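Please view the sequence and the model together while reading.

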Amino acid sequence: MTPDEVIADVRSWDGSLILSPAPGSDFPEIAWGDSFFYYAPDGQVPQNTQPYGTIVTKDYPDDTLSRLDEPGRWRLNVHVGSRTFEELTGEAPRAISDDWDYAEQDTVLPHPVYGQLGWVSVVDPGERTGALAMQLLRRAHDDARVRAERRHGGQPAAVAPPDDGASG
């Protein structure tokens, strides 16, 4: 599984918005090359809402335990909530032990920084975790859709015109 395969799959989901900052964009250089997944059928990045999933391709200053600066490594991060987090890791988000090897590949792990908020991560999803990782990402997308509809009084959020390029 590659980041491009994940992005292509997520792009096909209704209401999907993928923000992928690139060199020369208005986004901070540290975010270039990474991708952020939102439910946004109007094609606009939701205000006051975090992405439900991300792809990170490098270490960040406060996030180095996955060793993403090593060649070819990347990490899929997904917000799964407390219950699913505990089912996947065997630990409660607010009681994560120090026993995790956050650099282990193709394994569902607590997110090294945001695990306490119900996020999991997979470094280089592959044969063991690829299908599960995509199921978790799809569920996170669907959960984001439900939250967006609740914010709009139970009505579906506005949908962008089909060829506006916003699904990106």
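Strand β4 (residues 75-79) and β6 run antiparallel and are joined by five bridges, where strands are DSSP runs of E with at least two residues, helices are runs of H or I with at least four residues, and both are numbered from the N terminus; two strands pair if DSSP finds at least two bridges between them. The model is predicted, so that local features need pLDDT of at least 70 and side-chain atom pairs count only at pLDDT 80 or more, while totals for chains, interfaces and linings use all residues. Residues are numbered from 1 along each chain as its sequence is written, and side-chain values use heavy atoms, with hydrogens and water left out.

Strand β6 (residues 119-123) is mostly covered, with five of its five residues buried, that is, under 20% relative accessible area with a 1.4 Å probe and protein chains only. Trp119, Ser121 and Val123 point one way from β6, whereas Val120 and Val122 point the other way.

The largest pocket holds about 700 Å³ of space. Among the 28 residues that line this pocket, Gln50, Pro51, Thr54, Tyr114 and Trp119 are the closest to its centre. β2 (35-39), β3 (53-56), β4 and α3 (130-151) each supply at least two residues of the lining.

How values were computed: Buried < 20%, exposed > 50% of the residue type's maximum accessible area, 1.4 Å probe, protein only. 1 Å grid on protein atoms, 1.4 Å probe; cavity = no way out; pocket = protein on both sides within 12 Å on 5 of 7 lines; lining within 4 Å. Points joined across faces, edges and corners; volume = space filled by probe spheres on them.
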